[in-house]
Amino acid sequence: MHSARFYAGLLLRRIHWVILLTLLGTAAGLLVARSITPIYEANALLVVEGDSIPDKLAASTVQTDTNAKLQVIRKRVLSRESLLDIANRMNLYPALRLESGARDADSVFNALYNSIKIEITGQTKDRRAPEQATFLTVSYVSGRPAQAAQVANELVTRILKEDSDIRTKSARDTLDFFTREADRLSGELSKSSAAILKFKQENGAALPERISIMRDQVEALQRDQPKLAAQKAALEDQYDKLVRRHELSGDKVDLDAIYPPQLREMAQLSAQQSALQAVLSEDDPKLAALGAQIASLRAKGLPALPKGGDAFEERLRQLEDEIFAADAQVQANRASYDRVQTDIARVPANAATLDALQLDHANLRDQYDKAISARAMATTGDTIESLSKGERLTVIEQAVAPNSPIKPNRKTITLAGFGAGLMLGLLVVVALALLSPGIRRPEDLASKLGITAFATLPYVSTAADHAQKRRRLVISSGAVVLALIAVVVLVGVLYNPLDLVF
């Protein structure tokens, strides 16, 4: 108990050292806190807004994952080219230069990159969790508040531009793709239609839809064959009877004189050509051969018919011409029958080929219809993105110049100076007490000299002692007052005016 009172009294006698050093420590803390360059942070907040138009009415064609898109935007904005462009345009870090005086691009990029913070919040990996709004926080730290806000807003501008570019480019690329695809399929459809039309034109007589007609033609030709053969036989019988009747009358019949062989052959070939032209195509080899034979006979020259012939000769030549015509009809019937049978035999192959062409055409039509539908959706999606009605980033809070720095923490530094001064003052008091060799208590006699005191007499101060004590009190009090005034002045000059503090 006596020791506690002794040390408490010792502390009170030297309290001016504690107060003085505490005030000096506080002043030092104020000066240090003020001397450190302040760092200001400007923040901007953006949010990902959903589509303005419901998907059931008109859906956007941009289906990029929100988090992936924001990661891409962040990488692009923080790219070396983008950051160096910002630094050049806003004249950031002008002191970072090489020995040659040129701008140190690497140092500028690293300094700017380390001063920027872009954070994505609101994303959750749990699909069962309710959807949350996605936010994008953009921060920039600088020694000047206005510059911090300007750079942060420049970053926001670039982020919004990247978001718009990504969505509009994606929508425009989608529209261009389906436009090209629709044009390509339209061309393929035209080619397919032309191929089907050409095939039908080249095989018009042997198409599947004409099979019943061709079968009726075959039956009709088969019915006509006996009739034509009978007509020819009847004409030949008339011819033979006319010749025999004339020979029985005693006149000799010279057939070559009545109807020269060249003229007879010409009549026969002409009859065949006329009959076959009605049933065969113009480029048929048979017609070509007949035409060549007729041209050859005409080139050789044809004799004239004998003049002065009687009715017998006229009738004979007439019957022979009719026989040639009947024979030509028989041949035309046979040629038509063979042609129709050939066409019937070609129908299965033509049907398979036509089915394949039509199937390809149907597939192309289906693809074309889907491409047209997709192009219409892409056009709607492009319009939605061009009008900024799709999912987009929107600024909630624009960056403004901060009023107070984020570091240094001047209050903490000042309190640290205060604590350091207080501790130093206490240490000084303790050191002075420990280093003083005098005997101040009866206990000191026992501990230092081994003498047990049986009585104590108080120290009687002289006038000189009182004068010295007063001088020390005045000096210490003055020092404390000056230190206190210095602290108050530092607060008023370096921080807040005194009229605001008090």
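Which residues are linked in a network of salt bridges? In this predicted model, the members of that network are Asp85, Arg89, Glu154 and Arg158, a salt bridge being a side-chain nitrogen of Lys or Arg within 4 Å of a carboxyl oxygen of Asp or Glu. Because the model is predicted, local features need pLDDT of at least 70 and side-chain atom pairs count only at pLDDT 80 or more, while totals for chains, interfaces and linings use all residues. Residues are numbered from 1 along each chain as its sequence is written, and side-chain values use heavy atoms, with hydrogens and water left out.

The chain has 15 helices and four strands; these are DSSP runs numbered from the N terminus, with helices being H or I of at least four residues and strands E of at least two. Of its 502 residues, 31% are buried (buried means under 20% relative accessible area, exposed over 50%, and partly exposed in between, with a 1.4 Å probe and protein chains only).

Salt bridges number 15 in the structure. One of them joins the side chains of Lys69 and Asp163, at 2.8 Å from N to O. This pair links distant parts of the chain, with Lys69 in helix H3 (residues 66–77) and Asp163 in helix H6 (residues 145–202), 94 residues apart. Both Lys69 and Asp163 are buried. Within helix H6, Glu181 and Arg184 are three residues apart and therefore separated by about one helical turn; their closest N and O atoms are 2.6 Å apart in a salt bridge. Glu181 is partly exposed at 22% relative accessibility, and Arg184 is partly exposed at 41%. Helix H7 (residues 211–248) holds Asp237 and Lys241, four residues apart, or about one turn of the helix. These two also form a salt bridge, with closest N and O atoms 3.2 Å apart.

Helix H10 makes a friendly worked example. Its 16 residues (285–300) should span 22 Å at 1.5 Å a residue, and the end C-alpha atoms are 23 Å apart, which agrees; the expected span is 1.5 Å times one less than the number of residues. Leu287, Leu290, Ile294 and Leu297 are buried in H10. They cover an arc of only 90 degrees around the axis, so they lie on the same side of H10, the arc being that of the directions from the helix axis to the C-beta atoms. The buried residues of H10 pack against helix H9 (261–277), with contact meaning heavy atoms within 4.5 Å. On the face turned away from the buried side are the exposed residues Pro285, Ala299 and Lys300.
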